[in-house]
Amino acid sequence: MIRILIASDDLDVRLGEYFKACKGNMMTVIAAEIEEGKLLDVEEILPNNCNNAYINIKYADLKEIPFIWVSYSHGNENSIMVNGSSLISAGGDNTIFSDTFFYTNSCLSGKFLGPDLISQNCRSFIGYDQSIVAFKNENQEISLKCDNVGLISFLTTDVTAYDAFNNMKKYYTQQANRLLDLGDILSSGLLINAREALVFHGDESLKKTDLFFENE
Amino acid sequence: MSEKNLKWRFDVNTFRLIGRELITDRITAVYELVKNCYDANATKVIVEFIDVSPEALNEKSKIIISDDGHGMSYTDIRDKWMVVGTASKRSTLFSPPPFERRYVGEKGIGRFAVDKLGGHVVIETKEVDTNQKLVVNIDWNAYDELSKSPQLKLFTDVENSYAFVDAPKEEKGTKLIISSIEETWTDLDINRLEKELEKIVSPFHPLNPPFQIVINSNEYDAYKDKPVKAESIKYSSLEFKLEYNVEKEWQETLKWDKEKNKIIVDRVSIKPFGGINLRLFYFDEAAKKKFNRIYKNQDYRIDGIKIYRDGLITTPFAEFEGIRDKKRDVLGIDKRLWSGFLDKVGTREIIGILDITKENNPKIIDSTNRQDFVDNEAYRELKEFVIAQLKVLEEFKKNERKLLKQKVDQELVKANIEVKEFTEALKTLEKNNPNLKQTLKPLKEQAKVIDISIKKGIEQQEKERKEYIRKENIYVSLMSLQDYAIHVSHAVRTALGKVKRMAEFFKDRFPDPKLDSIFKEYSHMIYNEMVNLNKVIDFMLSYAGSNIDMEDFNVKNHLEDLFNKAYVPVFDAEDIKHIVEVQDNFVLHANKKFFEDIFENLISNSIKALRNEESKVIKCSGFIEDDHFVIYYSDNGEGIRKGDEEKIFEMYYTTTADLGGAGIGLYIVKTRVESLRGTISVVENEFKPRGATFKISFPFKK
Amino acid sequence: MEPLKILVIHDDLFENDPLLYTLRERFGRDNVILEKKSSQGLEYIYNNLSSKLIVLLDFDLGAGEPHAPEVFKRIREKTSLIYVIIYTAKQFTAIPNEALIDFINNEALGIIQSTADIPEVVGMVEKAAHQLDTRVDCILEQWIAKHSEKERAKPYLTTKSGTIYTLDDLIVEIRKETELGQQLEKSILQLAIELLTSQKRQLDD
């Protein structure tokens, strides 16, 4: 069994819709995997419960076991932000994430929060270390796929976390080329820009199987 | 080793023009570069001259400036050294820890300085804990070629190569290797440089951490690894040391003792700017001569008062200015005078070292551009304090001159009396012994000659005194002209530029039926500009014809002429509305030019007082009141500070030093009014609540 | 695409001055603006921060008006994309050193005397115009301008920090040098480098 926790800032005025869509897409993929008999246990943290105290109390048991953390939200160099306040911050007690694969689409948090988590025994971290741009309208799908493709390849194939990270970059490049062929240089450039902001911290060799644990 | 390129973006011509303006000579150039080393937290700088003498100069000659500072990264070079516009973005006043030095260098100046020293430079720079040093190659001669091009060229058009070279990890610092040296350096040049570099650090307040400058030359024996160290100041005629004591709350200051006619050191309570240490060295004519003789005419070294904070030069803001008159006079010492013989002590007669500290003088704040201190109450008081010290020296100077004159006068008079007594004695002798007449004759004649020459001496003495007054008058009226000259030259240049463009247009486009209306408009404008120019020049020439002759003139007519004709261009230029109402006729027997000086200076003052006003008015009215002819002169400017009504007439009192106010205008007004036996005073302002009104009153004898 | 504007801030030029006349011939009648008061010139600049603008700036601007160093500083507080050329009757040596340093630090493109020949002045303005034209922000703008008005007014992207932008909004962001504007510029350069290097890769293959 691999436990997956998903948080998303659904209520954010501007990007709530987008975050929600990302989460929806990820949930669909996971559901399909479970259908196929994969031992995944996914749990969604409701927007109202997205605060530091709730997580620390509710998921205290996770300190002892590995899991995958997924969050879709705003961020800054030191924190993941939900509902306008910080959910996880560098320098705080983040031992709950020991042995965790941390996957986030928030801006900037790869800069200081990522390394801080790794220093507190988090296994691997994928995120962005600069502020990046997500598309709306017809191009929203591209942003969403780009944001999710890393974790999806990690969950659905037998690759390492670092391979997943590289797949993500590859996907970004493909999409940028596609947009370029359509003559949309600006969007294409922004994808390259986002790709360059992608960061990986921690254990490159991490595989799905490392996150497995026996459920009593 | 891989070579890459770095580029500059700027118009080459402008760049070089600015460079030549900012870095006027080689001393300045080295000085600027050494300051940069200080800012880079260096503790040691070596300025090395290789084969720079007139005999040895060749293509391998070099000037090398190296330091052990923090070095520059590739981004520093690319974003700071190579980009023309980054200095203003210097976000802090202090260098990085652990030194945290107050920055003294003007960023963006380094490259101009290098350009001045030689046509080619290699920058080797290395940051500590890196494995490579950066080597950048800049060939100014290539820019020179570019700047000769008739088209606008940008620095982007030239590439500078750079490379990374392996270097020991612990090595750090920057080395500028300048070659293609064009000007030779004699030992005297290097000596001059040494003397300037000495000034960076206060001789009385050692720096911590240290900053050592070493000059090295492979040619001059005096400069073999010679540390630059300030020499003590010698040969002054007076020397003072003013100190302070924080606990006991006293500050020493100079005071002129009127009874004893000498300078004493007095104690006052600590001033608002905090305690200061001041060493003052005053050089009278004889001392200056001696100084010059011993230091081979280096009298530029007597250069006024410098302020050091925590041991490091701050004003004249760590800049070397080769041209004396361009020196920034931040303390306003020379604004108070324009000639040495007016009993004023100027920067050329004193050396002063004023030490302040961050700790004891927190209210003296560096302004962000590092050109001056922040203009606050404390700084103004500090300036006043310095001037007050000079005024005491001026009392001394005046007294010395008085004593000398008295002595000469007395001796002349005494000699005169003695000769008379001698002649009397001869007469008596001759009367009593007529047979001695022949023998005494040559003696008598001799006495006569001596008598005549003594009388001539006395006459000469009197003549010189008059000449002194005459010269003073000339200088005083020249000063009032200076402001006007600035206005005039700007007006003339502007008008010429306009006429030239229109003429150029005619030259290139005429004839063209489509442009007929434009041609017509231009021809009118050219004509009008010429008429204007003529007026301006006529008015200027009117000064040339003036002398000190007295004449009768009607004040009413003359005032109307001045305000409605002569000054109109000035009023127009400044957008000032003027009103002149003179009711009664009044004939004055006076020098016309002197009379004009009164209004010229009042108007010049008004222009400054009106600079921030929306609608500007100057009003002049005149009428007979009892036995006086009274003139009221008013503007609606910023007015006169309460309590200053008397002070403003004092010489050198100015509230507009920043606008070039020398504090002479109202002094001239007052002396001129008085020379016409009139009086002038500040009265209640006519344009309340704004403005100032002067009442000028001339006695009226029927 | 929005035309380039030349703003002349000068208290001694008149509307039909040969220089202005020549500039108008070259850059279009409505694209050369004269402001005699620097305060009004600044107001124009502040209201047109998103325009392509070259400023010819006199040094002394008459009593009560901000002079060149002040005007310059206030332009640079808002944008560094506007090119400024100092155009003055003042002799070069009469310009205080502090002002010169400020000019350099604020990237004045050049300084030219008002007694210079007209072609010299126009030449400098043309060079500035060329520079403006080849800059990333201008290239981007040209690309954006190729879209139809309808396309340009549609929401184009939303940043992860919030706001929705149309292509037209993006031009403003770039001109005002906001964080997003700078990011756009950077991203386009990254793309360019990406393309150049991938081309090279292909050649190498």
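The model is predicted. Its largest nonpolar core holds 78 residues, among which B:Trp185 and C:Phe103 touch the most other members. Helix 2 of chain B, residues 26–39, supplies the largest share of this core, with 8 residues. Apart from this core there is a second one of 62 residues, and A:Ile6, A:Leu179, A:Leu190 and A:Ala197 are among its members.

Leaving aside residues up to four places away in sequence, B:Trp185 is in contact with B:Arg26, B:Ile27, B:Val30, B:Phe49, B:Val52, B:Ser53, B:Pro54, B:Ile63, B:Leu117, B:Ile190, B:Leu193 and B:Tyr220.

The following table collects its overall values.

| Property of chain C | Value |
|---|---|
| Secondary structure | 9 helices and 7 strands |
| Residues that count as buried | 58% of 205 residues |

As for contacts within chain C between residues at least 6 apart in sequence, 66% of them join residues at least 24 apart.

Within chain C, the loop between helix 1 (18–27) and strand 2 (32–35) contains C:Asn31. Is C:Asn31 buried or exposed? C:Asn31 counts as buried because its relative accessible area is 12%, under the 20% cut-off. When residues up to four places away in sequence are not counted, C:Asn31 touches C:Pro3, C:Leu4, C:Lys5 and C:Ile6.

Note on methods
Residues are numbered from 1 along each chain as its sequence is written. Chains are lettered from A and ligands numbered from 1 in the order in which they are written. This is a predicted model: local features need pLDDT of at least 70, side-chain atom pairs count only at pLDDT 80 or more; totals for chains, interfaces and linings use all residues. Side-chain values use heavy atoms; hydrogens and water are left out. Helices (H or I, at least four residues) and strands (E, at least two) are DSSP runs, numbered from the N terminus. Buried means under 20% relative accessible area, exposed over 50%, partly exposed in between (1.4 Å probe, protein chains only). Contact means heavy atoms within 4.5 Å. A nonpolar core is a set of buried Ala, Val, Leu, Ile, Met, Phe, Trp, Tyr and Cys residues joined through side-chain atoms within 4.5 Å.
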